[in-house]
Amino acid sequence: MGMSEFYGAGDDTESIATIHAALDHGVNFLDTADMYGPFTNERLVGTAIKDRRGEVVLATKFGNQRGGDGAYLGINGRPEYVRQACDDSLGRLGVEVIDLYYQHRVDRTVPIEETWGALKELVEAGKVRHLGISEASSATIERAHAVHPVTALQSEYSLWTRDPEDGVLATCRRLGIGFVAYSPLGRGFLTSEQANRTAADPKDFRSVNPRFVGDAGANNMRLVSNLESIAKAKNVSVAQLALAWVLSRGSDVVPIPGTKRRKWLLENIAAGDVVLSEADFAAIEAAVPREAVQGDRYAERAMGSLNG
């Protein structure tokens, strides 16, 4: 996402080089969505994997409908839109099949059974291999799963976003659904990079994110400072510590840290080698107590689309 929108200016040359470096290092799960750009991120990913399609598990999403001018048109789960969105994504990605197709947000005006009936048809037509859903409640996951198996749930999960532990993660495990953790680094806040936290760029949505600004931002900065001492003692970065924590949640939990640069990609990959002891876990929990994090995850306008 960040390669095309929301995190300031992008650099397509560096972005493609970063994707290629990821593949070279065995990172094969790429996640995009039609709304990123809008539409430009799918084209970017398609360009990057043009000669390497067989190396990639390709995921994209529909449901956050936007116009060509970038306008937000709302959440759309109508069957006719599902079919058109899939065809459009296939064209932009330049592929014949999408490995994992997510409903990006739940349309509360359309029964989930109708949306998933259309998604099931896409699987039967050979346009999609597996289906996923994002930011859905346990009840919605169960209803979707009854129409067609849900392969993956994608929701925000990190040291400063523990909401999935309130039942959704248990639902996924009971139904055999993988959990894909987006923003496992708290949109860059759970790193040692001061520049990522100030977010002065008006094109960077973190400049108005409730957790980054004001008193909440100052409070949350102190929590990251607590992590820095633990990371230093282990000779790892704060980002690696935060990713290692997400990876420790279970083999069914897959973090997808977004990065626009090869430098941070390699740092993220190395987090897989970080071993956390019981003492480390206790120290991390003490450093970032769940109840100590301040601020909503998104600005008010977007909060209503969560946990559909």
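Student: How many cavities of 30 Å³ or more does the structure hold?
Tutor: This is a predicted model, and the structure holds one cavity of 30 Å³ or more. The space in the largest cavity is about 40 Å³.

Student: What makes that space a cavity, and which residues line the largest cavity?
Tutor: A cavity is a set of points where a 1.4 Å probe fits but cannot get out. Its lining residues have an atom within 4 Å of a point. Trp160, Phe189, Leu190, Asn220, Leu223, Val224, Leu227, Val288 and Val293 form the lining of the largest cavity. By class, eight of these are nonpolar, one is polar and none is charged.

Student: What is the volume of the second largest pocket, and which residues line the second largest pocket?
Tutor: The second largest pocket has about 170 Å³ of space. Its lining consists of Phe29, Val57, Asp99, Leu100, His130, Thr151, Ala152, Gly178, Phe179, Val180, Asp252 and Val254. Strand S5 (98-103) and strand S8 (178-182) are the elements that give two or more residues to this lining. S8 gives the most, with three residues.

Student: How is the lining of the second largest pocket divided by class?
Tutor: The lining has seven nonpolar, three polar and two charged residues.

Student: Which residues of helix H6 are buried?
Tutor: In H6 (residues 168-175), the buried residues are Val168, Leu169, Thr171 and Cys172. Buried means under 20% relative accessible area.

Student: Why are the buried residues of H6 said to line one face of the helix?
Tutor: Viewed down the axis of H6, the buried residues fall within an arc of 160°, so they line one face. They pack against helix H5 (138-147), strand S7 (152-156), S8 and strand S9 (253-256). The face turned away from the buried side carries Ala170 and Arg174, which are exposed. Just after H6, glycine 176 takes a positive phi of about 75°.

Student: How do you know that the radius of gyration of the protein chain agrees with a compact globule?
Tutor: For 308 residues, a compact globule would have a radius of gyration near 19 Å, and the protein chain has 19 Å, so the two agree. Of the 308 residues, 53% count as buried.

Technical notes: Residues are numbered from 1 along each chain as its sequence is written. This is a predicted model: local features need pLDDT of at least 70, side-chain atom pairs count only at pLDDT 80 or more; totals for chains, interfaces and linings use all residues. Side-chain values use heavy atoms; hydrogens and water are left out. On a 1 Å grid over the protein atoms alone, a cavity is a set of points where a 1.4 Å probe fits but cannot get out, and a pocket is an open set with protein on both sides within 12 Å along at least five of seven lines; lining residues have an atom within 4 Å of a point. Grid points are joined across faces, edges and corners, and a volume is the space filled by probe spheres set on the points. Helices (H or I, at least four residues) and strands (E, at least two) are DSSP runs, numbered from the N terminus. Ala, Val, Leu, Ile, Met, Phe, Trp, Tyr, Cys and Pro count as nonpolar, Asp, Glu, Lys and Arg as charged, and the others, Gly among them, as polar. Buried means under 20% relative accessible area, exposed over 50%, partly exposed in between (1.4 Å probe, protein chains only). The arc is that of the directions from the helix axis to the C-beta atoms. Contact means heavy atoms within 4.5 Å. The radius of gyration is taken over C-alpha atoms; the globule rule is 2.2 Å times the number of residues to the power 0.38.
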